[in-house]
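Please consult the sequence and the structure shown here before reading the notes that follow.

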Amino acid sequence: MAKRVVIDPITRIEGHLRVEVVLDENNVIKDAYSSATLWRGIEVILKGRDPRDAGFMTQRICGVCTYSHYKAGISAVENALGIEPPLNAKLVRTLLDYALFFHDHIVHFYQLHALDWVDILSALQADPKKASEEAFKYVPKGYNPIATGEDELREVQKRVAEFAKKGDLGPFKNGYWGHPTMKFTPEQNLIALSHYLKTLEIQRIAAQMMAIFGGKNPHPQSLTVGGVTCIMDLQDPARLAEYMTKFQEVADYVNRAYYADIVMAAEAYGNEPSVVMPNNLGNYLTYKTMQTSADSWLFDACGYIKDFDLGKYYEIDESKIEEDVTHSWYKDTGFVHPYNGKTIPEYTGYVDGKSIDGEGKEVEVKVVNPKGKYSWIKSPRYDKTPMEVGPLACMAVNYAKGNEKVRKVVDEFLAQTGLPAKALFTTLGRTAARMLQTKVIADYGLEAFNNLVENLKVDQSTVAPYVIDKNKEYKGRFIGDVPRGMLSHWCRIKDGVIENWQAVVPSTWNAGPADGNGKKGAYESNLIGMKIADPTKPLEVIRNIHSYDPCIACAVHVMDVKGKKLGEFRVDPLYGAC
Amino acid sequence: MLDMQQVKQRIEKLKKLPGIAPKPIPQLLEENGFSRRDFLKWSASLAATLGLPASFAPVVAEAAEVSDRLPVVWLHLAECTGCSESLLRTDAPTIDNLIFKYINLQYHDTIMAAAGWQAEENYEEALKEFKGRYVLCVEGGVPTKDGGEYLTIGPYAETGLHKLKRSAKDAAAIIAVGTCSSFGGIQAAAPNPTGAVGIHKVLDKQVINVPGCPPSDRNIVGTIVYVILYGQLPAVDNFNRPKWAYGLRIHDLCERRGHFDAGEFVEEFGSEEAMNGFCLYKKGCKGPYTFNNCSRERFNQHTSWPIQAGHGCIGCSEPDFWDAMAPYEEPLANHKFESIEADATADKVGITILTVAGVAIAAHAAISAIKKPKE
């Protein structure tokens, strides 16, 4: 007899997400549904505005990948207007990207994802001396571990023991401690726990890296259509040194802690079926990101692979990107390209149903209606085919294309862990790929910094001039990989203001519901076949969903109301000097 | 006025409440590797941030020591999590994290271990167990259109609107963290498709607004400490913003103010004037109309702030700024603006004041330009 488990809210993510799984009598997942429960409507709000303002508003789509939508909003307008920002500006934007990826990925693994892997209470049983020695096993060649000396580990243990003794674990209350799929030994738990705390320090440095040329973080404010505004900071050698130093400090941590802990996880979780079960969806899509010189990108692939095949790389054809809303809370349109996206909200809500609750009882709740609409997220498809995007796609497709830096980092990791390449296409692999992407930046990122310094010697330009002709119509787009995968923003400008705006974001690709052809996206399809140890504590599902690093505010803003009055708001953009 | 006696009484009262820690915090701090000196240093810096006289530093330390009595429930509505991210960057150094932990954070869905049914259980228990004693921090605006159906939370698909009202009922204090929960934020910009509003619009209790997109970690942490310190809400301005943080305009302490007064303006980004750090007013800086402490505190451990990075302020801690301050790279005085969302309340008055201020500032800028001595 099939039973359903509703998990709402999925915590430790950005945004509001529900996942429902249907289990058979052996607690194997037979079906899964992903439903976003918030809609904000930012594209509607963008219509009629000054194109120069778009980036500031799209930025507020998400405060976690805080820079992604800012850069995308600004770049889409530049693309539409035919603006080529100066090289200095392009490289500064890359430096902000490094800061973002560093911050986002380490915080995701340690603060958002780690509690699926690391049993904090078990760490109290660890032998700190043994743990300290063990930490040397996992670091990359040429590195020593960090924050795992016996003294520090004893201190961490003591701190957590005192905290646990209080009898109120606060944010750690009711966690999945002692769950049968928690596989780390007490010593391994202690190592990871120490890094959980250490990351709280390191992430501040990554945020400072962004603030140096970005003004602040979250939500930096130094990009403008045409370039960047931080010209004074670029003229200041102490500022450059500050960035370089902080970059090196975070990069060092990535190798000594983040890389090492993933190697450790690969060892401990290598035989846990829910973690190494192969994905069902084998298509991965990415787009080049992080420009490092006039004509090179750190991740240069613009395309996809099919059916887990790392041997064949396909170039992207942008015209084949479409979105469908059959099961999304919008009026049906069929598959449409984002330039022509027309969507009208149509909330039908949930229906009465039953779920196993936290006690194991079957209770009356609200559930999705799989035959109807059930999410605020749309279903993007490439050539009518679902694709997974994200760090795993970035690493796999760049590997297939022959990106040497990616190949080196991936091959070394596989050699050190003894994992086969196909292990990448699992929950563990997805989590590992995010780390590997961070390591590529850590190991090779300073190239862009050095090129910036070289260029500053001969060129001081930071902004390209432009005009917006009110009598002309423009359209343009940004496509590029951001921390959660391939992001695209598509805009049309008419009468000097934004006529239409559509964003197709990474979590939309991954978290969207089934499309009109019944094909499921990554979240839903990759859960099917997974066995759950205890339906009252579905940690396996939570861990799998976290491995994508969901960002649901990003996923649910997509919107364009046809024929709907936009209110009385008017802007009178003045383009000359005041 | 600050009343030391009142503060001390408050702390005595707090000390008598049952704490969750088995030991006093000073001892825990010491055991966790923080010296008394570090702690007092942090307290002094926080007292300074709060705009308190130096004599208050020991009291701040004492208040922080008893802060684990203060249960905090953090609710996310229509938002982008930027405010939680800002809070995560809090420093001074790791001691802030420790203080944060010892405020007894009962629910915060971005960092808590539990999910689904377990998370729901934590939420309901916190409301029950700490009834009348918890501080409710809210991040995000609240969608109200069509009964609030644009946001549901939990297995029963409860609307955010309903959950907010229910949670506010027994809260000791309510803090709106960020511009969205304070004034509606980005989703409330015209034409406000989901009817999003600041939470004070749907609650019948006082709400302290800590706006900013996002607010700095100093402003968030400082406000929470203020509640602990006084056992009451801080003195606020017309928009319920704590005066200690939002009492001055960005313009008042701006590092480029001299250039404004001298009539030296950046006319184009990337220009010689931009390289020389001239005033950004003509590139749309809203510092003259924006009340916040950015020019004093800056961001990310004082690393920088937008004006230092060469971009004008966009006015992100002001009500309705997404409409009222647009376009962000044009001077305000060039535009006649009126938001359809502003009703006939304080918001409207504020906007009227801003319009007047806009004209005045523009006049000042023009006069400054005339007085420009050379070139």
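Predicted model: local features only at pLDDT ≥ 70, side-chain atom pairs only at ≥ 80, totals over all residues.

Residues are numbered from 1 along each chain as its sequence is written, and chains are lettered from A in the order in which they are written.

**Contact between chains A and B**
- In chain A, 93 residues are in contact with 86 residues of chain B (C-beta atoms, placed from the backbone, within 7 Å).
- Helix H7 (186–214) of chain A is among the elements that give two or more residues to this side (helices are DSSP runs of H or I with at least four residues, numbered from the N terminus).
- H7(A) gives the most to the side of chain A that touches chain B, with 10 residues.
- That side of chain A divides into 40 nonpolar, 28 polar and 25 charged residues (Ala, Val, Leu, Ile, Met, Phe, Trp, Tyr, Cys and Pro count as nonpolar, Asp, Glu, Lys and Arg as charged, and the others, Gly among them, as polar).

**Domains of chain B**
- Chain B is assigned domain 1 (20–245) and domain 2 (248–371), with bounds from an automatic or database domain assignment.
- Domain 1 of chain B has 20 residues in contact with 18 residues of domain 2 of chain B.

**Helix pair in chain A**
- Helix H11 (residues 391–401) and helix H13 (residues 427–444) of chain A pack at an angle of about 75 degrees, with their axes 7 Å apart (axes are lines fitted to C-alpha atoms over the stretch in contact, and angles run from 0 to 180 degrees between N-to-C directions).
- H11(A) is therefore roughly perpendicular to H13(A) (65 to 115 degrees).

Key
Parallel < 35°, antiparallel > 145°, perpendicular 65-115°, else oblique. Contact = placed C-beta atoms within 7 Å.
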